[in-house]
Each structure stands twice: as C-alpha cells, then as structure tokens.
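Student: I'd like a close look at a single part of this one, please. Pick a spot and walk me through it in one go, with the cut-offs included.

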Amino acid sequence: LLEIKGRHCSSLLSPSPSDGGVAPISSLRNKSDVCVSSSTLDLCPKALQRMVQQSRRGMAVGFKPLLAPDGSGGSYFLSDARRKRVGVFKPADEEPFAENNPRGYVPHSSIGNPSNMGGGDGGNDGDAGGLRQGIRPGELCLREVAAYLLDHGGFSSVPMTTLAEARHPALHSAGSNWTLSEGGAGVGAHSIRASISGADLSTIVSTPSNSTSPPELVKKVGSFQEYVTAECTMDDISPSKITVGEVHKIAILDMRLMNADRNVANILCQRIPEDPDQFRLVPIDHGYSLRSKCDVAWFDWCWLDWPQVKEPLSEEARSYVLNLDIEADVAVLEERLKLENDVLDNFRNSCLVLKAGVKAGLTLYDIASEILCRNDPSGET
C-alpha cells in the first residue's frame with residue numbers, strides 16, 4: 001500500500017491555486033485525522049473528497065470512528081460535524097487475519113514472523129491466514145477501490161470508494177481495545193511485546209511500556225467509501241421485489257470481478273420513491289474479488305438461483321458488457337493498484353467469458369452456472 005501511495009505524488013502535491021484547497025485533503029494534519037491517499041487523489045471524485053473533508057471536521061469536533069457491530073474486519077463509520085454518517089473507513093491492518101483485526105481474527109501462528117503476516121501472492125504461501133484463498137490479508141481495501149473504478153458510469157451502483165489514510169485512538173492497534181474475554185491478554189499487546197523484536201514493535205507502539213507518555217498513534221491506510229443509507233438488505237426482502245435490470249447489474253459486476261462474497265447481507269436495498277414496491281440495489285463489500293485463485297462456488301453468488309438471471313439481458317446491459325475495454329481495465333489494476341499477474345489474468349479471462357457468452361445470446365445464469373462457477377462445494381473450477 002505504501003508503494004502505491006508513493007506513486008503520482010509529485011504532481012498531486014503541487015496543485016494550482018485554482019484547485020480550491022485540494023492539497024490538504026491528501027495529507028494528515030492533526031493527531032486525529034483522515035485524508036485521501038495521494039496515490040488515488042486524481043481518481044477520487046470531488047463529491048467523495050468533500051465527504052472525506054466532512055469526516056475530518058467530525059473528528060475535529062470529537063466524533064470518533066464507530067466500529068460497525070457486525071462483520072469480520074474493522075469497519076468504522078465516520079461522521080461529519082453534525083454527527084451524520086458520511087463514510088466508512090476499513091483499515092488494511094484490521095482486515096480478517098491482519099495483525100490488528102479488532103474481532104480476534106488475527107494470525108496467531110505468525111505474530112512472531114512478520115513475513116507470514118499476510119501470506120503470499122497466490123501460491124502456497126498465499127493460502128495462509130486468510131478467509132479466502134488468493135488474497136493476502138491487508139489487501140482487501142485495494143479490491144474495494146478496484147470495484148468502484150471498474151464500475152464504469154455507475155452501471156452497477158458501487159458506492160464511491162478511494163484509498164485513504166487515518167489516525168485516531170479509536171482505531172484498533174495491537175489488541176489495545178480488547179477486553180480479557182476477547183483475547184486481550186493472549187493476543188494483544190502482551191504477546192506482541194513478547195514475540196516481536198523491539199525494532200518491529202516500534203512501528204506499532206513507539207513509546208516504552210514504562211513510559212507515562214501516551215503511545216504514538218498509528219497512521220493507517222485503508223479504503224474510504226461513501227456511507228449509503230438503505231431501508232434494508234436483501235436478507236430482509238424477497239427477490240420478487242427486485243426488477244430484472246437491478247439483478248443483472250449485480251450479477252454482471254460479480255462475474256467480472258469473480259466476487260467470492262456476494263451474500264444477501266452485502267446488497268443494500270433502497271426503496272424507489274416513484275414505485276415504493278420496488279427497490280434499487282447497492283452492492284458493497286468487494287474485498288474478496290479479483291483473487292489469484294479462481295474458485296467461486298454456486299453459493300458465493302446469492303443471486304444465482306433468482307429467476308431474474310434466467311431472463312434475457314436488456315439492450316442497455318448487453319451494450320454495456322460488449323463495450324467493456326478489458327485491457328484498459330487491466331492497465332488500471334496493474335498500474336494504479338499494483339495487482340499481481342495471476343489476478344490480472346483471472347480478471348481478463350472472466351471478462352472475456354462474459355463478453356463471449358453475452359454475444360452468443362446466453363443468459364447470465366447460463367454463463368455463471370455452466371462456465372464461471374463450480375457446482376460442488378469444494379475443488380477448483
């Protein structure tokens with residue numbers, strides 16, 4: 001992530017006076033602060049920059065990030081100065097089986113071996129310590145950003161997302177926020193102090209244990225996504241309330257990204273004012289997309305048994321798929337997010353299969369069930 005952040009900085013940190021103060025939004029100024037990572041500032045919409053600025057003001061008046069009540073990683077709601085939620089920050093080091101996960105999903109066997117903290121790049125080492133094969137813990141935030149960048153024209157309604165940096169005492173570090181029942185004594189700062197060398201420990205807690213000074217706050221890198229208000233998730237309503245086009249836009253996105261975590265809780269539902277009986281779908285949580293191992297199963301796509309995916313595509317959806325520039329998307333993933341070659345190859349292949357199937361007149365159900373996903377509960381595609 002720091003390598004990604006280091007790119008494009010020279011041009012971004014020297015904006016012209018007409019930029020209206022964009023430069024400060026790409027750097028942390030205060031002890032408790034949030035900013036857009038300079039590496040993705042040029043890709044961050046102005047509306048999302050304003051949300052980051054609003055979150056910064058909320059921190060300045062004392063509204064701390066609030067840890068979401070559910071999920072397997074650290075997801076924090078950020079509020080503006082009026083205490084209205086405007087964003088969701090997901091630190092890379094608090095993802096499942098990253099070293100600072102706040103829910104106990106930490107790499108217990110790897111605490112003393114930093115080289116194994118995140119696994120590998122899709123080989124044998126890449127399977128260690130993660131909830132899904134083919135993604136290193138600490139890189140889910142890159143996939144969150146990638147999903148937004150690949151959702152051209154907002155076709156699939158992915159919320160605006162960018163890389164961000166944040167610093168706040170409420171963000172979890174080294175088990176500092178755990179109670180004893182949550183494993184604070186066994187996995188928190190105590191065991192880390194006993195297992196990690198002093199040099200490595202200084203990156204987590206910079207002050208000695210016998211110091212009376214408060215520990216220096218850790219700067220965290222992660223994804224910042226706009227907060228979306230919704231009536232419910234797909235866990236709460238019947239698919240019969242959803243139009244064919246809304247289901248298709250989710251399915252097309254998941255098939256392109258080979259998303260392995262499309263469950264009903266990851267689809268927000270917004271009631272359409274003009275037709276209160278229908279809902280608009282907003283997909284979230286794309287961290288387990290774009291993996292180096294292609295093993296999506298039928299149960300990873302909740303929409304696969306919905307009747308809408310057996311319907312023909314509309315002309316709009318068909319045109320969208322056939323006009324996708326796959327190589328341009330690959331270039332963005334490679335040059336801006338530095339994703340590995342295995343990831344790029346799988347993305348390229350899934351998009352080619354999708355385009356070929358649509359061109360041949362197949363339904364999304366045919367493409368998904370017969371080609372892209374497996375029907376057995378284990379094994380490779």
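Tutor: Let's start with the pairing rule: two strands count as paired if DSSP finds at least two bridges between them. The strands themselves are DSSP E runs of at least two residues and the helices H or I runs of at least four, both numbered from the N terminus. You're looking at a predicted model, where local features need pLDDT of at least 70 and side-chain atom pairs count only at pLDDT 80 or more, while totals for chains, interfaces and linings use all residues. Residues are numbered from 1 along each chain as its sequence is written, and side-chain values use heavy atoms, leaving out hydrogens and water.

My pick is strand β3, and its sheet comes first. Six strands make up an open sheet, ordered β1-β5-β6-β4-β3-β2, with antiparallel pairing. At the edges sit β1 and β2, each pairing on one side only.

Now for the neighbours of β3. Strand β2 (residues 66-67) is joined to β3 by two bridges, running antiparallel, and Leu67 faces Tyr76 across that pairing. With strand β4 (residues 85-91), β3 pairs antiparallel over four bridges; here Ser79 stands opposite Arg85. β3 and β4 form a hairpin with five residues between them, and in the turn Arg83 has a positive phi of about 65°.

Which way do the residues of β3 (76-79) point? Tyr76 and Leu78 go one way, Phe77 and Ser79 the other, and all of them are buried. Buried here means under 20% relative accessible area, exposed means over 50%, and partly exposed is in between (1.4 Å probe, protein chains only).

Rings of Phe, Tyr and Trp (its six-membered ring) pair if their centres lie within 6.5 Å; planes under 30 degrees apart are stacked, over 60 edge-to-face, and the rest tilted. The whole structure has five aromatic pairs. One of them is Phe77 with Tyr227, edge-to-face at 5.6 Å centre to centre and 85° between the planes. Phe77 is in β3 and Tyr227 is in the loop between β6 and β7 (232-233), so this pair ties together parts 150 residues apart in sequence. Phe77 has a relative accessible area of 16%, whereas Tyr227 is partly exposed at 28%.

Last, the packing. A nonpolar core is a set of buried Ala, Val, Leu, Ile, Met, Phe, Trp, Tyr and Cys residues joined through side-chain atoms within 4.5 Å. The largest one has 40 residues, and Phe224, Leu257, Leu290, Leu333, Leu337, Leu339 and Phe347 touch the most other members. β3 supplies at least two residues of this core, as do β1 (33-36), α3 (46-60), α4, β5 (161-167), α8, α10 and α11. Helix α4 gives the largest share, eight residues.
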